[in-house]
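Dear colleague,

I am handing over the structure we spoke about, and below it you will find my notes on what came out of it. Please read them alongside the coordinates.

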Amino acid sequence: MEKIGIYGGTFNPPHTGHIQGAAYALEKLGLTRLLMVPDYLAPHKEIPAGSATPEQRLSMLRLACKDKPGLEVCDLEMRRQGRSYTYETVVQLREAYRDAELTLLMGTDMFLSFDSWRKPESILQNAALAVMYRGDKGEREAIEAQKAKLEAMGGKIYVLKNPVVAISSSDLRRLIAFGCAGEFLDEAVADFIREHGLYGADANWKNLPMPELEKVVVPLMKEKRVAHILGCCQTAVELARLYGADETDAARAGLLHDITKALDGPLQLTLCRAYGTILDDFSRKNPKTLHALTGSLVAERVFGENEAVVSAIRYHTTGRANMTLLEKIIYVADYVEPNRDFPGVEKLRKAAYENIDQALKLGLESTLALLKEQGREVSPESGEALRYLLEHGV
Ligand code: FE
Ligand code: FE
């Protein structure tokens, strides 16, 4: 009997994680072929503005699957148009392949929410499900519970541990915008993205005026962080006016300071590799602290910022000895911008507008105290920053 897998997704864009996952499923499930099915419009997702068109996603998927034995791009949902409901696809494929065993692949989140899909019982009647899980804490128990539930409904369920390092498409789009996605993209797909100027690839974002810069930066942030960067930008401008620093530099550094913060530790290291940056011991051991460094690299190379802005971003989490006025302003603005709420924020906020060095010292002290309390390592720069202030009578 032919065993056919169904791998649906938005593929915006298709990347090596998709292909590696597909190869793994082909092998583990013993599939004769795996149909890659790009959706036209996902049921519950909106496509981010400025994304590839459905036709472009289809073309990229064809490039990514070219010369990969067993992988076949299926344009069923594209031809159907409208919202792409899986049950319709499964029913259509069942009609096309009457005698085959069909297996629908999905990730953990999709599997656990399977009940809320449209017509789940119709899907279970026509296809087995294969969930590819990553092995996060508690994930396996949740999967087993859901498996039992769906089996009671007559479903056939395969559980596969997916060893592939997954990258989300939203993180990948960030890496493309930063010019660092090479290791996750098929070369032909990367060429297509560049040729069509998708996802900000090869865009000229150097020295954009403020309103345009904001329009580029906001979509690269996680939604929950947008208010923070806008608040930081506003506070930085106020402090620059008060202490006589360049207000434009302050605004740009405030807006850009967390530009790479959405990326996790391993992707921070990817950025450093792509930019050819050699890391010190502390950074290698604490890759999550790297967003200040990688943010400064992106500010310089992608946005063409000047040295003052770049160094303000570089030292916004750690500080350093003998900081420039702008570095102090961004460090403090990041700490006290209007969305910040922690015990002691009022005292720090007051100090920010009275004596920037005092505010800086308070900020450094409370960061160091917090790290100590959490048993985490303190970056050498923070220690030096505080020592410098103490030696200079602050
Ligand atoms: Fe930050
Ligand atoms: Fe921040």
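In what follows, axes are lines fitted to C-alpha atoms, for helices over the stretch in contact, and angles run from 0 to 180 degrees between N-to-C directions; helices (H or I, at least four residues) and strands (E, at least two) are DSSP runs numbered from the N terminus. This is a predicted model, in which local features need pLDDT of at least 70 and side-chain atom pairs count only at pLDDT 80 or more, while totals for chains, interfaces and linings use all residues. Residues are numbered from 1 along each chain as its sequence is written, chains are lettered from A and ligands numbered from 1 in the order in which they are written, and side-chain values use heavy atoms, with hydrogens and water left out.

The protein chain has 20 helices and 6 strands, and its C-alpha atoms fill a box of roughly 80 × 45 × 35 Å along the principal axes. Of its 394 residues, 52% are buried (under 20% relative accessible area, with exposed meaning over 50% and partly exposed in between, for a 1.4 Å probe and protein chains only).

The axes of helix α11 (residues 223–243) and α17 come within 8 Å and cross at roughly 135 degrees. That makes α11 oblique to α17, since angles under 35 degrees count as roughly parallel, over 145 as roughly antiparallel, 65 to 115 as roughly perpendicular and the rest as oblique. In contact (heavy atoms within 4.5 Å) are H228, C232, T235, A236, L239, A240 and Y243 of α11 with L325, I329, I330, V332, A333, D334 and V336 of α17.

A227 is also found in α11 and, at 40% relative accessibility, counts as partly exposed. Leaving aside residues up to four places away in sequence, A227 touches E337 and N339.

Turning to the metal site, the iron ion (ligand 1) is coordinated by D258 (OD), H291 (NE2) and H316 (NE2) at 2.1 to 2.2 Å, where donors are N, O and S atoms within 2.8 Å of the metal (3.2 Å for Na, K and Ca), and water is not among the atoms, so the site may look incomplete. D258 bridges this ion and the iron ion (ligand 2), the two lying 3.3 Å apart. Because D258 lies in the loop between α12 (247–256) and α13 (265–274) and H316 in the loop between α16 (307–314) and α17 (325–336), the pair ties together parts that are 58 residues apart in sequence. Both D258 and H316 are buried.
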